[in-house]
Amino acid sequence: MKNTLFVTMLFLATNCFAQVKSEKVDELKRVNIELSTEKDSIIKVVYKKEMENNKKPAYFLNGQLTNESILRTLNPSEIGTVNVEKGDFVINNVKYFGKLKIELKSSYSPKLISLNNLKAKYTNLSGNQTIFKIDNEIVNSNYDNFIIDEKFILKIIVENYENKEEKLNVNFINLITKTEENIKKSKQTIIRGNNEFAINK
């Protein structure tokens with residue numbers, strides 16, 4: 001009896017769940033998908049290059065013409081309004097494709113400064129080449145024209161890299177902004193040893 005019940009249940013299960021409906025399916029295209037594994041012997045090399053976009057808008061901050069660099073260090077919580085105007089504009093013989101107008105809250109006034117002026121103001125670096133980073137991302141622009149809001153900078157980390165064999169002597173200036181994540185990290189003390197742990201101040 002038990003065997004008959006088992007065979008009946010097995011039969012019903014295979015009929016209910018193992019049926020295949022016959023339908024015409026479009027031809028499938030073969031796609032080669034490369035999956036990286038730790039056993040791969042070929043190292044993939046990726047060159048990061050900033051995309052050149054010739055169709056850039058004109059950026060205005062509180063009515064003053066500026067450039068897009070200010071967006072990297074502008075405190076989002078201090079932005080009052082953002083307006084976008086479409087169309088082509090010529091300002092000071094430069095053609096722009098649209099306008100991006102940012103108005104800050106009336107209670108906030110930014111402290112704008114170029115990267116090179118910031119370097120002269122806060123560091124004693126001179127002579128060697130300098131590479132700027134903002135939140136560990138390299139700045140690939142003219143440092144005289146790259147404008148930041150000094151008030152939104154939490155910390156300036158200066159490092160020197162020297163490699164005599166390669167004849168390299170470069171300064172790295174990393175600007176850490178006052179994002180919530182960065183402020184939270186700055187309040188942690190990490191003690192390294194056999195048992196690594198973090199203490200919140």
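Student: Let us begin with charge pairs. How many salt bridges does the structure hold?

Tutor: Side chains of opposite charge can pair when their charged atoms come close. The structure holds 5 salt bridges, each being a side-chain nitrogen of Lys or Arg within 4 Å of a carboxyl oxygen of Asp or Glu. A word on the source: this is a predicted model, where local features need pLDDT of at least 70, side-chain atom pairs count only at pLDDT 80 or more, and totals for chains, interfaces and linings use all residues. Residues are numbered from 1 along each chain as its sequence is written, and side-chain values use heavy atoms, with hydrogens and water left out.

Student: Which residue forms a salt bridge with glutamate 68?

Tutor: Lysine 56, with the closest N and O atoms 3.2 Å apart. The pair links distant parts of the chain, 12 residues apart: glutamate 68 is in the loop between S2 and S3, lysine 56 in the loop between H1 and S1. Helices (H or I, at least four residues) and strands (E, at least two) are DSSP runs, numbered from the N terminus.

Student: What does the side chain of lysine 121 meet in a salt bridge?

Tutor: Glutamate 150, at 3.0 Å from N to O. Lysine 121 lies in helix H2 (residues 115–122) and glutamate 150 in the loop between strand S8 (147–149) and S9, so the pair ties together parts 29 residues apart in sequence. Lysine 121 is partly exposed at 46%, whereas glutamate 150 is buried at 10%. Another of the bridges joins lysine 95 to aspartate 88, with the closest N and O atoms 3.9 Å apart. Lysine 95 is partly exposed, at 49%.

Student: Now the backbone. Where is asparagine 62 found, and what is its phi?

Tutor: Most residues other than glycine have a negative phi. Asparagine 62 has a positive one, about 50°. The residue is in the loop between S1 and strand S2 (64–66). Asparagine 62 counts as partly exposed because its relative accessibility is 33%.

Student: What about asparagine 93?

Tutor: Its phi is also positive, about 65°. Asparagine 93 sits in the loop between strand S3 (79–91) and strand S4 (94–104). The residue is exposed, with a relative accessible area of 77%.

Student: Next, pockets. Which residues line the second largest pocket?

Tutor: Rolling a probe the size of a water molecule over the atoms shows where empty space is left. On a 1 Å grid over the protein atoms alone, a pocket is an open set of points where a 1.4 Å probe fits, with protein on both sides within 12 Å along at least five of seven lines; lining residues have an atom within 4 Å of a point. Here the lining is Asp135, Asn136, Leu154, Lys155, Ile157, Ile176, Asn182, Lys185 and Ser186. Strand S9 (153–163) and helix H3 (180–186) each supply at least two lining residues.

Student: What volume does the second largest pocket have?

Tutor: About 210 Å³, taken as the space filled by probe spheres set on the points, which are joined across faces, edges and corners.

Methods: Buried < 20%, exposed > 50% of the residue type's maximum accessible area, 1.4 Å probe, protein only.
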